[in-house]
Amino acid sequence: AVVAHHDIYRSYLWAADADIIYAYQALLINDGLKQDYFDHPGYPYFVILSLWIRLSAFLGLVDILRFSQLPGPSDFEPVYAQLVFAGRWLSVLLAAIFAFVVYYHLRRLTNRFWLAAIMGVLVVISPGVVTQSLIMRNELPAMLLALLAFFSLVHACRTHGVDAYRHLFWAGLFAMLSLLTKLQTIFLLLFFPLLALIFGQRGTTRASVAIPPEPGTRTLATAFVFGAIAFVIPAAAMLIGQIARFGGGVYQSIVALYLVLAMLAYTSFYRYSHRDAGFALLALLAGFSAGLYSNLIHLAVENTASVANFIVHMRAFSSEGLSAAKSVEELSQAIYYRLPVHLLETLWRIYVEVDWAASPTQPVYWLVTVGAFVAALTDRRLALQASGLVAVAIAMETVTRLRYWAQHYQIFTEAWVYIACALLIAGMLGSRAWSGLTRQSRKAALTALVVAAAGIAILSINFAIQDRSGGQEQDPNNVCTLGRGFLKRLPSHFDKYCSP
């Protein structure tokens, strides 16, 4: 309904930014040519978009699917517009999948269909998802992959043995694909080891149960170890080679050490053996490697270089003060002084500056924060889980402000707050305090929750039906800049938008 309200077939130059660039990249990939835009770097999204355009061409919805089929400057706009329209439909589909992922995994975690369904609906009409569904950007698929990585990690924490390793593989795979889609998600992914500590469960015994004593099982376990190591080594060599090429290695080593220490802390706290930790680490690294190997499908070494040197790569897209830093040391100092300021800006926006019309998720932050304090009285673990998820959202907005804060970046923050809210409600409904209430009191509390959800939904719908996404016909000079600056094989196709 929101998409129909905004007209998916509005001018293809409406909010023309990534739309023009990404459609062009998909055409290159479909023609067997190399991706030539690496700013984010966007690779998995470009591949998905190229396959989507192939499907659209098969269904007769677009006239071309390859770069070589693109008409000349005088005739190309109608067919290029078709590609953008197809890309918008893909954004709608990804938004629906995003909400379904939240619903599906919350249902698994809470065992409450109605609660998961409500949160899924609130997520799909949240400002971040709505804004992303109207345009072509890679934040939506990147966050979708990050969410899949998070839920895979949580399920790994709640299972044991082979099932846990399988979930860890998927967590690593989705995490790497998320990075290849949008490097900015590194700041989300760095919180995941801490979230694992919060969501973890104690092992069955201090001794490992992963390898029973049967000789056949031991042989399989040994094969897994050596196979995983062999699978990981080429990926590690690819990354190390790109790190050495740029003369880095310091912050990458810190991240690797942080990951290992977090796994050791998890092993110790939840009483797993070091052998279990080794298997878990190999499964996770195998997932990382599989995600990195996806770049070999349409080889572009620049994607590997971007992931390997993520701080150096993102520096060029930060605010002016950070991008001007001439060394990692200068960059670190600039970030050190700016982060506290941006944290205060974030906290002010969320907890002090009341603007529910522009930020319908704001009351959810308030409810979850108060709920976490209340839950701490009876269930500190649940309170810690909810607080951790809210902290991830706040931290992600804070870090994003190192560049700038915009509505389309809310996709990185809102889902965490809704997940925290669902966990708090499920915990409340399963608590002894809840069972001790009278039927009338429980009915009144549930009514209050439904009213609050309805109010948030109304605020979100009001936001959704208004044109708040920056979507308007672009300034012709900007279209000219996009055409000449990013469509390197189409140097003159957008020249008519250039000033004399």
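The model is a predicted one, so local features are taken at pLDDT of at least 70 and side-chain atom pairs at pLDDT 80 or more, while totals for chains, interfaces and linings use all residues. Residues are numbered from 1 along each chain as its sequence is written, and side-chain values rest on heavy atoms, with hydrogens and water left out.

A disulfide here is a pair of cysteine sulfur atoms within 2.5 Å, and that rule gives a count of 1. The partners are C480 and C498, with their sulfur atoms 1.9 Å apart. The link of C480 and C498 turns out right-handed, with 95 degrees about the S-S bond. It ties together distant parts of the chain: C480 lies in helix α23 (residues 476–486), C498 in the segment after α23, and 18 residues separate them. Helices are DSSP runs of H or I with at least four residues, numbered from the N terminus. Both C480 and C498 are buried, where buried means under 20% relative accessible area, exposed over 50%, and partly exposed in between (1.4 Å probe, protein chains only). Two other cysteines are tucked away too: C157 is buried at a relative accessible area of 4%, and C421 is buried at 13%.

Turning to the interior, a nonpolar core is a set of buried Ala, Val, Leu, Ile, Met, Phe, Trp, Tyr and Cys residues joined through side-chain atoms within 4.5 Å. The largest one holds 146 residues, and Y12, Y80, F98, M143, F150 and W416 touch the most other members. Helix α4 gives the most to this core, with 16 residues. Contact means heavy atoms within 4.5 Å. Leaving aside neighbours within four places in sequence, W416 is in contact with M143, L147, F150, L188, F192, L389, V392 and A393. A second, separate core has 6 residues, including V130, L134, I135 and A464.

Helix α14 (residues 301–308) is mostly covered, with 6 of its 8 residues buried. Those buried residues are N303, T304, A305, S306, V307 and A308.

On the outside, L55, F58, L59 and L61 make up a nonpolar patch with about 470 Å² of accessible area together. Such a patch joins nonpolar side chains (Val, Leu, Ile, Met, Phe, Trp, Tyr) within 5 Å, from residues with over 30% relative accessible area and no salt bridge. A salt bridge is a side-chain nitrogen of Lys or Arg within 4 Å of a carboxyl oxygen of Asp or Glu. L61 sits in the loop between α3 (43–58) and α4 (77–110), and L61 counts as exposed because its relative accessibility is 56%.

Note on methods. Helix = DSSP H or I, 4+ residues; strand = E, 2+ residues; numbered from the N terminus. Patch = residues over 30% accessible without salt bridge, like charges linked within 9 Å, V, L, I, M, F, W, Y side chains within 5 Å. Areas by Shrake-Rupley, 256 points an atom, 1.4 Å probe, with all protein chains shown as cover.
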